[in-house]
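Here is a short briefing on one protein chain. Please look over the sequence and the structure before reading on.

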Amino acid sequence: MGTITKEFIVKSAALMTGIESEARVCPSEKKGIRFHFNGETIEAVVENVVSTEHCTVLGNSKIKIMLIEHFMAACAFCGINSIDVYLSHYELPILDGASKEWIENFKKAEIVNPDKRTIKLKEPVYYLNGKTHLVVLPSDSLNLTYSVNYKHKDLKNRWVSLNKEKLEEIEEARTFGYLSELEMLQKAGYGRGASLENTLGLKDDDTYTTELKSEYEPVKHKVLDLIGDFYLAGCNILNFKAEIIVKEAGHTVHVNAAKSLKDKLIMEE
């Protein structure tokens, strides 16, 4: 089971609520990724997803945990599948707005026995809904292509393929949104922790609020989100032998596809 050898603590604003959130991340000998808040515990599995509006949210009758996808992606990148996270707030710290800072902390805490099992697919999975497509096909290797179509010259009908030799570009790709919508979102209770450090704003003049970390960074963040959401179904995309084609999707599509995917996976030691 993939875990760490020692606990660590991080804290920052939470992206949605803007409230400071602290996470104490601890090694575990019990398989599974679990979040703890106010004396309650919830496991990070796709069956526990209760909302995909703006972010992926786990919940039950006693607890909800918001914006887990960046943390889950970091666990996938590091092969971690046995860990406990104790939170001071029901939303995870946003940190760098991506997965890179989580990964750096995992490495400092010394990752042991990372899960590197090859994953294959028994049969194809399709999610088709109007302009949105997510297709997963059995293959001899991993090929992942993600398409977006935003009101921005760089992101109009833009396709990006996952390059395993340049994974850092996915790991560091920040969350993003239209700058013109930020005030409206904040009035609705979202995006209150957004900053130039953790969020990339798309401006009406086809520029960005800050310099890109790599070309087409927003599309690479969508790939990061997909990696995090699929990991809720026990599917580490980085170990997957499949052809994955995604067009104009989001958390709702990711999670619905992950639910369909879960019982079609074959784990090879």
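What follows covers the fold, the surface and the nonpolar cores.

The model is predicted. Its chain holds six helices and 19 strands. The radius of gyration is 17 Å, close to the 18 Å that the globule rule gives for 269 residues, so the chain is as compact as a globular protein of that length.

**Overall fold**
- The C-alpha trace spans about 50 × 45 × 35 Å along its principal axes.
- Take the contacts in the chain with a separation of 6 or more: 74% of them join residues 24 or more positions apart.

**Burial, surface and charge**
- Of the 269 residues, 55% count as buried.
- The chain has an accessible surface of about 12100 Å². Carbon and sulfur atoms make up 46% of that surface.
- There are 34 positive and 40 negative charges in the chain. Their mean positions lie 2 Å apart.

**Nonpolar cores**
- In soluble globular proteins, nonpolar side chains tend to be buried together.
- The largest nonpolar core here has 79 residues. Within this core, F35, F71, F106 and F240 touch the most other members.
- Helix α1 (residues 69-78) supplies the largest share of this core, eight residues.
- Another core lies apart from it and has eight residues, among them M16, C55, V57 and Y190.

**A closer look at F240**
- Which residues does F240 touch, not counting those up to four places away in sequence? They are I119, K120, L121, V136, S141, L142, C235, L261 and L265.

Terms used
Residues numbered from 1 in each chain as written. Predicted model: local features only at pLDDT ≥ 70, side-chain atom pairs only at ≥ 80, totals over all residues. Heavy atoms only, no water. Helix = DSSP H or I, 4+ residues; strand = E, 2+ residues; numbered from the N terminus. Rg over C-alpha atoms; globule rule 2.2 N^0.38 Å. Buried < 20%, exposed > 50% of the residue type's maximum accessible area, 1.4 Å probe, protein only. Contact = heavy atoms within 4.5 Å. Areas by Shrake-Rupley, 256 points an atom, 1.4 Å probe, with all protein chains shown as cover. Lys, Arg positive; Asp, Glu negative; His and termini not counted. Charge placed at Lys NZ, Arg CZ, Asp CG, Glu CD. Core = buried A, V, L, I, M, F, W, Y, C linked by side-chain atoms within 4.5 Å.
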